[in-house]
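Have the structure open beside you and work through each exercise before you look at its solution.

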Amino acid sequence: MASDRADSVLESHRTSLLELIEDRNKALNKKNLLHRMVYIASLRNEEADTDQIANYHENLKKNLESAQQYSEHVSITGLLLVYTKHIVHIVETTTEMLREVIKDSKKNMEASNGLFSQVKILVISHDIPERLYQNWMFKTLEIQSARLDSYDSSESTDKIVLDCLIQLLKLGNHVAKIPKGNFKNSFDQLHSKCADLLPQQAMLHFLLEEDDCSMMTVKEYLNMYEQPYDVVLDSELVWPLPTRLFPYN
């Protein structure tokens with residue numbers, strides 16, 4: 001009797017959390033998990049053509065979407081803000097495509113004729129319920145900052161990063177509510193009507209110059225995937241080496 005009960009327990013199927021998530025995604029017709037990344041960068045050439053910067057990112061988007069390994073109707077949506085000396089890029093897509101975007105940013109930064117001199121990731125939000133942007137768009141902000149090094153704050157760096165992300169989320173909600181019939185005019189007037197939702201260029205300069213663990217460089221992010229995971233056990237730091245009384249199978 002006891003053995004029959006044990007066999008029934010072992011043979012019974014127990015639903016896992018992964019199965020629940022997969023069933024939810026199937027019900028929503030969601031083939032891939034969706035993630036959102038926000039990164040900032042400083043432009044190598046302060047006189048760079050804004051159209052060139054926008055075309056570069058748009059071509060990258062098209063190349064990734066048309067690549068063979070991403071042929072399952074995976075799209076990139078988001079918003080690119082182009083300042084005179086910096087950019088802010090919000091990207092919504094799968095993990096694989098986010099990694100390709102980061103690889104391209106690193107390659108661009110290391111090239112002598114690249115657009116970026118420095119790139120930092122502010123946040124990567126995993127498994128977001130829905131897209132904040134229904135397509136990819138860019139906005140040029142010709143806002144001159146008197147002194148980039150004039151930004152001074154008594155708050156911690158992680159609090160400044162959080163405030164910047166809140167601004168961008170509010171900006172995304174504002175853009176999503178713009179009527180389609182008046183979208184172009186309203187979108188063109190973002191800098192005048194929604195200046196409080198746009199991160200200051202001096203703040204972006206401060207974050208890029210700050211060495212804080214609340215942000216991640218593209219190299220640090222890629223190392224998590226490309227470098228072997230090496231853990232030093234406490235037993236390896238002890239001398240003489242501990243003797244195992246019983247061999248492990």
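**Exercise 1. Find how many cavities of 30 Å³ or more the whole structure has, and describe the lining of the largest cavity.**

Step 1. A search of the whole structure gives one cavity of 30 Å³ or more. On a 1 Å grid over the protein atoms alone, a cavity is a set of points where a 1.4 Å probe fits but cannot get out, and a pocket is an open set with protein on both sides within 12 Å along at least five of seven lines; lining residues have an atom within 4 Å of a point.

Step 2. The space in the largest cavity is about 60 Å³, where a volume is the space filled by probe spheres set on the points, and grid points are joined across faces, edges and corners.

Step 3. Look for the lining: His57, Leu60, Lys61, Leu64, Ile76, His89, Val91, Val101 and Trp136. Four of these residues come from α3, the largest share. (Helices, H or I with at least four residues, and strands, E with at least two, are DSSP runs numbered from the N terminus.)

Before going on, a word on the model. It is predicted, so local features need pLDDT of at least 70 and side-chain atom pairs count only at pLDDT 80 or more, while totals for chains, interfaces and linings use all residues. Residues are numbered from 1 along each chain as its sequence is written, and side-chain values use heavy atoms, with hydrogens and water left out.

**Exercise 2. Describe the aromatic pair of Tyr56 and Phe116.**

Step 1. The structure holds four aromatic pairs. Rings of Phe, Tyr and Trp (its six-membered ring) pair if their centres lie within 6.5 Å; planes under 30 degrees apart count as stacked, over 60 as edge-to-face and the rest as tilted.

Step 2. Tyr56 and Phe116 are edge-to-face, with 6.4 Å centre to centre and 80 degrees between the planes.

Step 3. Tyr56 is in helix α3 and Phe116 in strand β4 (residues 116-125), 60 residues apart, so the pair links distant parts of the chain.

Step 4. Tyr56 is partly exposed because its relative accessible area is 22%, whereas Phe116, at 0%, is buried. (Buried means under 20% relative accessible area, exposed over 50%, partly exposed in between, with a 1.4 Å probe and protein chains only.)

**Exercise 3. Describe the aromatic pair of Phe183 and Phe187.**

Step 1. Phe183 and Phe187 are stacked: 5.4 Å centre to centre, 10 degrees between the planes.

Step 2. Both lie in helix α6 (residues 183-188), four residues apart, about one turn of the helix.

Step 3. Phe183 is partly exposed at 26%, and Phe187 is buried at 6%.
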